[in-house]
Amino acid sequence: MENDLLQNISKLHTTKLGAVRIQQNLSLNTTDVVQWCRESIMNPDTQISRRGKNWYAILDHNEITVNASSYTIITAHKIK
């Protein structure tokens, strides 16, 4: 199912602090957090939903939160 988040995946970005927060929250060993999030969101197994002003992408017990109007990755965290 195609949605606005997938159609605009090239617009995905975050702030410097956002990248640090995501890297710490998910214990990532990558320097390109946006690319990691982009690949995770595009994974066919990812569950994508929109609630209010944000998109939520869930894959492998990780949840990525993206602002629906600016496509800014707000945060990501592990689901317990």
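**View 1. S40 lies in helix α3.** Helices and strands here are DSSP runs numbered from the N terminus (helices H or I, at least four residues; strands E, at least two). The model is predicted, so local features need pLDDT of at least 70 and side-chain atom pairs pLDDT 80 or more, while totals for chains, interfaces and linings use all residues. Residues are numbered from 1 along each chain as its sequence is written, and side-chain values use heavy atoms, leaving out hydrogens and water. S40 counts as buried because its relative accessible area is 12% (buried is under 20%, exposed over 50%, partly exposed in between, with a 1.4 Å probe and protein chains only). Once neighbours within four places in sequence are set aside, S40 is in contact (heavy atoms within 4.5 Å) with T46, L59 and I64.

**View 2. The buried residues of α3 line one face of the helix.** Helix α3 covers residues 33–42, and its buried residues are V33, V34, C37, R38, S40 and I41. Seen down the helix axis, these residues fall within an arc of 165°, so they line one face; the arc is taken over the directions from the helix axis to the C-beta atoms. Their cover includes the helices α1 (4–7) and α2 (16–26). It also includes the strands β1 (47–51), β2 (54–59), β3 (62–67) and β4 (73–78).

**View 3. T46 sits in the loop between α3 and β1.** T46 is buried because its relative accessibility is 11%. Apart from residues up to four places away in sequence, T46 is in contact with A57, I58 and L59, and also with S40 and I41 of α3. T15 is 31 residues from T46 in sequence, and the C-alpha atoms of T46 and T15 are 23 Å apart.

**View 4. Four strands form an open sheet in the order β1-β2-β3-β4.** The pairing in this sheet is antiparallel (two strands pair if DSSP finds at least two bridges between them). β1 and β4 are the edge strands, each pairing on one side only. From one strand to the next, the twist averages 20° (axes are lines fitted to C-alpha atoms, for helices over the stretch in contact, with angles from 0 to 180 degrees between N-to-C directions). Helix α2 packs on the sheet and touches β3 and β4, with its direction at about 10° to that of β4. Helix α3 lies across β1, β2, β3 and β4 and runs at about 105° to β3.

**View 5. β2 and β3 are joined by 6 bridges.** The two strands run antiparallel. A57 stands opposite I64 of β3, and N54 has N67 of β3 as its bridge partner. The hairpin of β2 and β3 has 2 residues between the strands, and D60 in this hairpin takes a positive phi near 50°.

**View 6. β3 and β4 pair over 5 bridges.** The pairing is antiparallel. V66 faces I73 of β4 across the pair. In the hairpin of β3 and β4, 5 residues stand between the strands, and Y71 takes a positive phi near 60°.

**View 7. Strand β3 is mostly covered, with 6 of its 6 residues buried.** In a regular strand the side chains alternate between the two faces of the sheet. In β3, N62, I64 and V66 point one way, whereas E63, T65 and N67 point the other way, and all are buried.

**View 8. N62 belongs to strand β3.** This residue counts as buried because its relative accessibility is 13%. Not counting residues up to four places away in sequence, N62 touches L26, W36, A57, H77, K78 and I79.

View 9. At 15% relative accessibility, N67 counts as buried. Leaving aside neighbours within four places in sequence, N67 contacts K53, N54, T72 and I74. G52 is 15 residues from N67 along the chain, and the C-alpha atoms of the two residues are separated by 9.5 Å.

**View 10. The charged end of R51 sits over the ring of Y56.** The distance from this charged end to the ring centre is 3.9 Å (the test asks for NZ of Lys or CZ of Arg within 6 Å of the ring centre and within 35 degrees of the ring normal).
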